[in-house]
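Here is a short briefing to read with the picture beside you. Take your time and look up each residue as you meet its name.

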Amino acid sequence: KVNSCARRSVTTIAPQALQLLNNKFVAGQSEIFAHRVRDEAGNDPKAQVERAFRLALSRPPQYTEIDYSLTFLKRQAEYHARHTGVLLERGTDPADVPAPDQAALADFCHSLFNLNEFVYVN
């Protein structure tokens, strides 16, 4: 006897998470989303975090989420600043190397796309 299930239980398996994390389409959409966030929020990181949360999750960020997000943006910008020179030394066209703060914002947007809250709509 086979029982059917009208609803699928919420499950997250490694291939699903890795698909969102490593997929070139998702990474490209993250960059597009980061440009939209910057266009709408300006250059203020806190305003960018607040706008990204509103657009991606339809809610404002909690205070702790703002703090964590700002720390993430700062660290990612520092990381990208350190690695910009490496990319240029490898012959990457300078026009293809985003500014460190823009690259950090794209990473942040990518992380929002990987949240269960974004993936699963209640």
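This is a predicted model: local features need pLDDT of at least 70, side-chain atom pairs count only at pLDDT 80 or more; totals for chains, interfaces and linings use all residues.

**The overall picture**

- The chain has six helices and zero strands; helices (H or I, at least four residues) and strands (E, at least two) are DSSP runs, numbered from the N terminus.
- Read from the N terminus on, the elements run α-α-α-α-α-α.
- Of the chain's 122 residues, 29% count as buried; buried means under 20% relative accessible area, exposed over 50%, and partly exposed in between (1.4 Å probe, protein chains only).
- Among contacts (heavy atoms within 4.5 Å) between residues at least 6 apart in sequence, 60% join residues at least 24 apart.

**The nonpolar core**

- A nonpolar core is a set of buried Ala, Val, Leu, Ile, Met, Phe, Trp, Tyr and Cys residues joined through side-chain atoms within 4.5 Å.
- The largest one has 19 residues, and Phe33, Leu105, Phe108 and Leu112 touch the most other members.
- Helix 2 (24-41), helix 3 (45-57), helix 4 and helix 5 (100-113) each supply at least two residues of this core.
- Helix 5 gives the largest share of this core, seven residues.
- Leaving aside neighbours within four places in sequence, Phe108 is in contact with Val49, Ala52, Phe53, Ser69, Phe72 and Leu73.

**Arg59 and its partners**

- Is Arg59 buried or exposed? Arg59 counts as buried because its relative accessibility is 19%.
- The side chains of Arg59 and Glu117 are joined by a polar contact of 2.5 Å; a polar contact is a pair of N or O atoms within 3.5 Å, and within protein one must be able to donate a hydrogen and the other to accept it, while residues adjacent in sequence count only if both atoms are side-chain atoms.
- Beyond its neighbours within four places in sequence, Arg59 is in contact with Phe53, Arg54, Glu65 and Glu117.

**His80 in helix 4**

- His80 belongs to helix 4 (residues 63-89), and it counts as buried because its relative accessibility is 19%.
- Its side chain makes a polar contact of 2.6 Å with the side chain of Asp107.
- Not counting residues up to four places away in sequence, His80 touches Pro100, Ala103, Ala104 and Asp107.

**Val97 in a loop**

- Val97 is found in the loop between helix 4 and helix 5, and at 15% relative accessibility Val97 counts as buried.
- Val97 and Thr84 are 13 residues apart along the chain, and their C-alpha atoms are separated by 7.1 Å.
- Leaving aside neighbours within four places in sequence, Val97 is in contact with Thr84, Leu87, Leu88 and Thr92.

**Val119 in helix 6**

- Val119 is part of helix 6 (residues 116-119), and at 37% relative accessibility Val119 counts as partly exposed.

How values were computed
Residues are numbered from 1 along each chain as its sequence is written. Side-chain values use heavy atoms; hydrogens and water are left out.
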